[in-house]
Amino acid sequence: ARLRYRRRVLAEAPSGAIALIFTDIEGSTRLWASHPDMMKDALAVHNNTIRGLIAKFGAYEVKTIGDSFMIACQGSSSAIDLCVAIQLGLRDADWPAELMKGICGPLEQNGTLLWRGLRVRIGAHWGLPDRIADPLALRVDYFGPSVNFAARVEGATNGGHVCISEDLHDVALGQCEAAELVDPLLAPAHVPPVPYTTTDLGEVRLKGVPGTHHLLCVVPDELAGRVHDVNPLSDKTCRVSVSHNADQAGSVSPRILKPAARSNIYKEDSAETKADAQVAPIFGNCPLLLAPSAAPE
């Protein structure tokens, strides 16, 4: 019976090389301390929104840790789509009225609703984790270096943003190009439900991970103005800093990954179509790309 249970649980969860996603509410400790009753309702909205999208995209909820989610996806492209959809879903969620009166209330820019509700960091990575069936939780859990790396990618970004590893980006791009090469007409080309742009952040230091690592920021086109926002929940500078001054030394060409309008195959724009980006030291000032954020909670 135990063997049958283990086989059933393992069969339900993604296996092999997969995308691992971590989410975390920014400023949650402060919000829980100042508005505990409101946060109970807000957390329920947060959880229901994310769980609904997990089901919609065929992903797998590994577990929740406090107010954070760990999610596994068998597909690379669907994982990025899920991350983007979560940011839009949280913006449009039915948040408690009390939350809307404070710093998490609606914020528009040029007629576009950019911010509304809790701000959630999302990080994703592609890897080959080990997995085990948990007999108590009746779920599959994942562990290993790729899991730790995915968690650190989430910790490198800011509330309201999505950060992905170069591995996830390249796998998503490669899978779509491979589908086009096999049969452009019959291959199940990926159709992103929401247009988005992926901007190269360059080499970034991650807490507890040796060396520097290539990360990218994914922003739905509808929320492109978020890169100019200053997070009112924090008074610290961001962990990832990119200058768009092409005249400074040490610049690197950003790689832009966009869903093609009709071919449904990811295409990368040439560097000439975008301003060069420069990687600044960690904890540097970044007024353009990512909102300042407190340390991960």
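The expected span of a helix is 1.5 Å times one less than its number of residues. In this predicted model, helix H3, covering residues 36–56, has 21 residues and reaches 30 Å from its first C-alpha to its last, close to the 30 Å expected at 1.5 Å a residue. The points below turn from the helices to the strands, then to the salt bridges and the cavity.

- After H3 comes glycine 58, whose phi is positive, near 70°.
- Helix H4, made of the 16 residues 76–91, should span 22 Å at 1.5 Å a residue, and its end C-alpha atoms are 24 Å apart, which agrees.
- Because 14 of the 16 residues of H4 are buried, this helix is largely enclosed by the rest of the structure.

- Strand E3, residues 68–73, is mostly covered, with 6 of its 6 residues buried.
- Strand E1, residues 18–25, runs antiparallel to E3 and is joined to it by 4 bridges, with leucine 20 standing opposite alanine 72 of E3.
- Strand E2, residues 60–65, also pairs with E3 in the antiparallel sense, over 5 bridges, and here glutamate 61 has isoleucine 71 as its bridge partner in E3.
- The hairpin of E2 and E3 has 2 residues between the strands, and in this hairpin glycine 66 takes a positive phi near 70°.

**The hairpin of E7 and E8**

- Strand E7, residues 130–134, and strand E8, residues 139–143, pair in the antiparallel sense over 5 bridges, and arginine 131 stands opposite tyrosine 142 in E8.
- There are 4 residues between the strands of this hairpin, where leucine 138 takes a positive phi near 55°.

**Salt bridges**

- The count of salt bridges comes to 7, and one of the pairs is arginine 121 with aspartate 24, whose closest N and O atoms are 2.5 Å apart.
- This pair links distant parts of the chain, with arginine 121 in strand E6 (residues 120–127) and aspartate 24 in strand E1, 97 residues apart.
- Arginine 121 is buried, with a relative accessible area of 1%, and aspartate 24 is buried as well, with a relative accessible area of 3%.
- Glutamate 26 forms a salt bridge with arginine 121, the closest N and O atoms being 3.5 Å apart.
- Glutamate 26 lies in the loop between E1 and helix H2 (28–34) while arginine 121 is in strand E6, so the pair ties together parts that are 95 residues apart in sequence.
- The side chains of glutamate 222 and arginine 91 meet in a salt bridge of 2.7 Å, N to O.
- Glutamate 222, in the loop between strand E11 (209–220) and strand E12 (242–243), is 131 residues apart from arginine 91 in helix H4, and the pair thus links distant parts of the chain.
- Glutamate 222 is partly exposed, with a relative accessible area of 41%, whereas arginine 91 is buried, with a relative accessible area of 6%.
- Salt bridges that share partners join Asp24, Glu26, Arg121 and Glu154 into one network.

**The cavity**

- The structure holds 1 cavity of 30 Å³ or more, and about 50 Å³ of space lies in the largest cavity.
- Residues that line the largest cavity include Gln87, Leu90, Arg91, Trp115 and Arg226, and the largest share of the lining, 3 residues, comes from H4.
- The lining residues divide into 4 nonpolar, 3 polar and 4 charged.

Note on methods
Residues are numbered from 1 along each chain as its sequence is written. This is a predicted model: local features need pLDDT of at least 70, side-chain atom pairs count only at pLDDT 80 or more; totals for chains, interfaces and linings use all residues. Side-chain values use heavy atoms; hydrogens and water are left out. Two strands pair if DSSP finds at least two bridges between them. Buried means under 20% relative accessible area, exposed over 50%, partly exposed in between (1.4 Å probe, protein chains only). On a 1 Å grid over the protein atoms alone, a cavity is a set of points where a 1.4 Å probe fits but cannot get out, and a pocket is an open set with protein on both sides within 12 Å along at least five of seven lines; lining residues have an atom within 4 Å of a point. Grid points are joined across faces, edges and corners, and a volume is the space filled by probe spheres set on the points. Ala, Val, Leu, Ile, Met, Phe, Trp, Tyr, Cys and Pro count as nonpolar, Asp, Glu, Lys and Arg as charged, and the others, Gly among them, as polar. A salt bridge is a side-chain nitrogen of Lys or Arg within 4 Å of a carboxyl oxygen of Asp or Glu.
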